[in-house]
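Morning, everyone. I have one model to walk through today. Please look at the screen.

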Amino acid sequence: MTIISAGILAILLPFILFDLFRRPSIRRIGIRNVTRRAREAALVVGGSLLATSLITASFVIGDSFDASIRDIAATHWGPTDEVIYLDDPAQSAVLLSQIEATGSPAIDGALTASFIRVAAGSVGEGRLVEPRVRLLELDMADAQVFGKDATATGLDGIEVADLAQDTVVINREIANDLGLDQGDPIDLFANGVAHRFTIAEVVPVHGLAGIGEIIAQPGALTDQLNDATSISNPAVLVSNVGDVFSGAEQTEEVGAVIETAMTTAGVDGEIDEVKQSLLDDAAAEGAETTQLFGTIGGFSVIAGILLVTNLFVMLASERKTELGTMRALGMSRGSIVRGFALEGAIYGSIAAVLGALAGIGVGTAVVAYASSSLSSSGGVTLSPSIQVSSLVSGAVIGFAISQLTVLFTSIKMTNLNIVRALKDLPEPKSVGHRTRNLVIGVVGIVGSVVLWVLFGQTQIGALLAPVLAAIFAIPVLSRVLPSPVATSIGCGAGLGWSAVVFGLLPETMKNPEIAVFLLQGVILVGLGSTIVATLDGVWLKVADMFPIGGVGTKLGMAHPLSRPVRSVMLVAMFALVLFTVTFMGIMNAVFQAQGPEMAQRVGGDYTMIVDSNPTSGYDPAELAAIAGVGLVTPVRLADIEMAHDVLSGEGADAEAEVVDTWEGSLRVSFVDPTFDQVTPPATLIRSESFATDAQAWAAVLNPGADGQIWVMSPDYSDLRVDQTITMFSDSGEPIQTKVAGQTELGWMVGSGIYAPAALEVQLSDQMSDQTSPTSRFYLTAESGADPEAVAAALTANAPERGINARAFSDAAQEELDGQKTFLTMLQGYLGLGLLIGVAGLSVVLVRAVRERRRQIGMMRAIGIPASQVRSMFVVEAVFIGLQGVVLGLGLGTLSSWQILTKSSAFERGLGFTVPALWLAGLAAFGIMVSVLAAIGPALLAGKESPAEALRFSG
Amino acid sequence: MIKTTNTSPRQAQASGAVLAAESIPQKQELDVMVHARNVVKTYRTGDITVEALRGVDLDIRSGEFVVIMGPSGHGKSTLLNCLSGIDSIDSGTVRIDGQQIHELKDRARTAHRAKRMGFVFQSFNLIPVLSAAENVELPLLAAGAKPAVARERAAALLARVGLSQRGQHRPAELSGGEQQRVAIARSLVTDPAVVWADEPTGNLDSATAASVLDLFRAVNAGGQTFVIVTHDPEIGANADRMIEVHDGLIRQHEPSRPQDGVAQATSLPIQDGMAY
């Protein structure tokens, strides 16, 4: 977008600058029209800067996500760029020596460490416990010089000489959670046994003190354990040359050095390029967020374009006599357009700068809201970040949009009849060009058919081609039907198609990109607004039937109805934003209504899930004995190496071809044969080999009955039903498994692939993998017991054992809360788009006061009271606002209903919920803001002195 | 062709009247529609102060057909605006129908205009988004008339100015003459005591201007007072009285037309079934 905009400017700017410096006549007209009326100019600039501010805001939001995630690099990794996880603690020193021996100029430090998962708790009355804490055992003195940047390690202030073996350093976060401070005792629970330490220092969450919440000298805990190998994960940390961020640039080179070193030293392990991965994730997240907000904000930007168009149409209309005079005096149409372009460039450049600055405010406000929501839910800590390049991009895009809008509007508006312009006579209704229009219509229909043939299988093509055909049919239909009827039929057909396309073409429109929603919204609202404008006669009859409010009402409705093009732009501007807010609101309501069903989909008839610290977990029987707990089914988790084909197409595509092969490790939940003692999670799709979910689960839990090992794949993987997955044991033995079905939402609890416990035995040599928590349980609550209360009691019962019990309903609600936060944030952002609607309406009405000044003078002169003049503007705004509300809410509801109930946009039907009260509030808000938009202009109009207004000549 | 000859008694009485305030007998005061004394109006444009009216005294009798003439920029339109109350004055008094209009609050002054005055402007000032009939209805609706009554009355007025078939057309679809006749119908629809017209023929060709003048005279013959600002000597020649404004003062106001001119003016060209 930025590049396209810069390209547009590169084409336009030379002309503008040439006119500015070398064409005095154009310069004079352009500049003096700007300075002619300061308030008018301010209105145009104000209207233009709104779109720029939203574009810039989307960049600022993206930057903030990017920077906040990048910030984790400093807080949670510090100088560490790569971590090599080893199977054997004895190999740490060997690998360290080998890495140092390479003398690689890309590496500036290596450090041995051990990661240990423990539970940690305060000591004494009212003990507080954190069930899962990462203890890092490392040589503190080595750590302080690791990466040649003591500050980056987060341990620079510690007096190593004072550190006894029974002391630990903890970070501020865990200290706050446990209510501890320097000098306090702290218990670390491993294998169910408490080990007491004293807190030597509390340090900020930074660098190595971000990797481990608790840091101790080597062997401080592990030396006290009988079986340290089962819970200790030895590792070597490597720091690349460069600072916290730039070090990641050496990752590829360092990775090769480490691999060579591991090979040379004969060390087995896994290299995790932590810093590079994090920074890549940050960049991707930032870009995605920018794109999401940019696209959602696209509705508001289009509203902004409509506003600028409207303003320039009004400007050109006001200067019609001047334009006629200039043309009469021999000025070419091109020169007048360039005069407008120069004037627009001045407005645009001021608006671009101010808009970019306003965008900082808007973006910061959104980030502040997101930050408070995310931090309260334990997510990333967001803080506003603004890149200069983003400001420039926002300004350039905003300027390009306004400049193009002004240019096209000027070209249209300068196409005038000189005599009519000189006499300020209205343009007659177009009766000419019937043949030309017919040709355009026919060519357009043919083009639409070609578009359908070529791109009908794509979502944009499928949506757009029939709509274009319907629009191009209007001039053809106008040959045999009255123009309003032809317009209504054409627009109605286009609107109808775009409203039902998701239901008619479910396969094509599956999993639509957000840009498709944007396009659909623009089409629906644009065509809906046009149809409403063609119904002017109907509105007037309705007004005649209910003559409320006298002259003000009559004139308030007459003005927008008499200028359909302007009214369509105003109504569409308003409706576009309301359409999106409605869509988001309904989606939000639908998602929120999914809570109980989501819990059922994740856990089946199991109502709770319990994870225990692998060092001190529960026995199933012990768990079952706790009050409120019904059935208990143990599950073991492991990350298993595997490979499978990557197939083309989607879903159960019979003609899918192998396009690639995937190898890597995936999380597997090994479930006992008793897993189906209650109904397990439902499948989203299952193999045709099974008639029911129960049969499919029976095949998974009892492998070998049909000579197959069946598994259930998660819906987020590339796996298809009946596809073969080859899993590898630690010794490399391949074991073929087959996908019986797909479960969904497993990501909420990290269940991954469900596989039989019997398969675990064959892969058992991988079960000691340090990344695999070993204890998980699926539970039911006893009859009458509340799962959420039981889960809370379980967690509280013995927190030192690392128990984390959750009701599936809680997990679902947590997910929904996250979605709600995000959707609310988007709605808030769109709410700022509503500001464009309000400000736009207000700006247009203020200009209308000027445009109708003589009219107002006449009205006041013949005895129409100021109150009626004021009400004329209020009614006009309400009339437009009402149309926008009806269209926006109506089409937004229609669109979301179609997508939710008639399409395959979502894998599983989500049902449809109309948040009636919320919609009523939104409608009332829409009307209220349109009234607010009219107050200023109405007061202005009411104050007009009749004599002065009558003298006014524009 | 139908001719009308109903000259009002007041018309005859008013013709040729040149009334100095101090010379107006008590009985005659009852017939004075517009009574202005020492009207001063000053405009400021930046640092420049323009004395548009510098102490104007003027009386216009009920039913009189008065024309205000004078060079451009000397205060004609300002005088009309100040007399009609659509512009404020700096000092002096203006009575319309015995009511000191500049002492009224804006709302009351507006209501007074709605009930007792009609206006015709050079550029017609019709509301482009309303049909001809709707434009004519406007003052009645503003005065609180019921829509059906306003519609009926507007249709009658449009018929009176010869535009009964053009009521549903918007101003853009009418000729300049037709638009001005719609404006005249609008000015008469409330049956006002006085009609103010500012350059009513300024945008019209001579033939159309003549027909508008004839229309004015015909209506005036019905007893309505007309005060017209114009440069058109033809109108001046047909007025009961011609007032010349020069440098913000009334230089002369004298009868411009003999008594029998009234009878002449009532002989109207009839268009489109127009009848009086």
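Helices here are DSSP runs of H or I with at least four residues, and strands are runs of E with at least two, numbered from the N terminus. On that count, chain B has 10 helices and 10 strands. This is a predicted model, with an ipTM of 0.73 and a pTM of 0.71.

Let me stay with chain B. Of its 276 residues, 53% are buried. Take the contacts in chain B between residues at least 6 apart in sequence: 72% of them join residues at least 24 apart.

Now confidence. Chain B has an average pLDDT of 77, and 80% of the residues score at least 70. Two stretches fall below 50. One is residues 1-29 of chain B, which has 58 contacts in the model beyond near neighbours in sequence. The other is residues 258-276 of chain B, with 44 such contacts. Where pLDDT is low, the predicted coordinates should not be read in detail.

Next, a sheet in chain B. Four strands form an open sheet, in the order 2-1-4-5, with antiparallel pairing. Which strands sit at the edges? Strand 2, residues 48-61, and strand 5, residues 99-100, of chain B; each pairs on one side only. Strand 5 of chain B is held to strand 4, residues 91-96, by two bridges, and this pair runs antiparallel. Within that pairing, B:Ile96 is opposite B:Gln99.

On to the interface. How many residues of chain A are in contact with chain B? 23, and they meet 23 residues of chain B. Helix 20 of chain A gives the most, six residues. By class, the chain A side has 14 nonpolar, seven polar and two charged residues.

Now inside chain A. Start with a helix pair: helix 3, residues 38-77, and helix 10, residues 274-318. Their axes come within 8 Å and cross at roughly 170°. The cut-off for roughly antiparallel is over 145 degrees, so helix 3 and helix 10 of chain A are roughly antiparallel to each other. The residues of that contact divide into 24 nonpolar, 11 polar and six charged.

Then the strands of chain A. Strand 11, residues 629-647, is joined to strand 12, residues 658-671, by 13 bridges, and the two run antiparallel. In that pairing, A:Arg636 stands opposite A:Phe670. Strand 11 of chain A also pairs with strand 15, residues 724-728, through three bridges, again antiparallel. There, A:His644 has A:Ile725 as its bridge partner.

Why does A:Glu782 count as partly exposed? Because 14 other C-beta atoms lie within 10 Å, and the class covers counts between the 12 or fewer of exposed and the 20 or more of buried. The C-alpha atoms of A:Glu782 and A:Gly630 are 4.4 Å apart, although the two residues are 152 apart along the chain.

Note on methods: Residues are numbered from 1 along each chain as its sequence is written. Chains are lettered from A and ligands numbered from 1 in the order in which they are written. This is a predicted model: local features need pLDDT of at least 70, side-chain atom pairs count only at pLDDT 80 or more; totals for chains, interfaces and linings use all residues. Axes are lines fitted to C-alpha atoms, for helices over the stretch in contact, and angles run from 0 to 180 degrees between N-to-C directions. Angles under 35 degrees count as roughly parallel, over 145 as roughly antiparallel, 65 to 115 as roughly perpendicular and the rest as oblique. Ala, Val, Leu, Ile, Met, Phe, Trp, Tyr, Cys and Pro count as nonpolar, Asp, Glu, Lys and Arg as charged, and the others, Gly among them, as polar. Two residues are in contact if their C-beta atoms, placed from the backbone, lie within 7 Å. pLDDT is the predictor's confidence in each residue, from 0 to 100. Two strands pair if DSSP finds at least two bridges between them.
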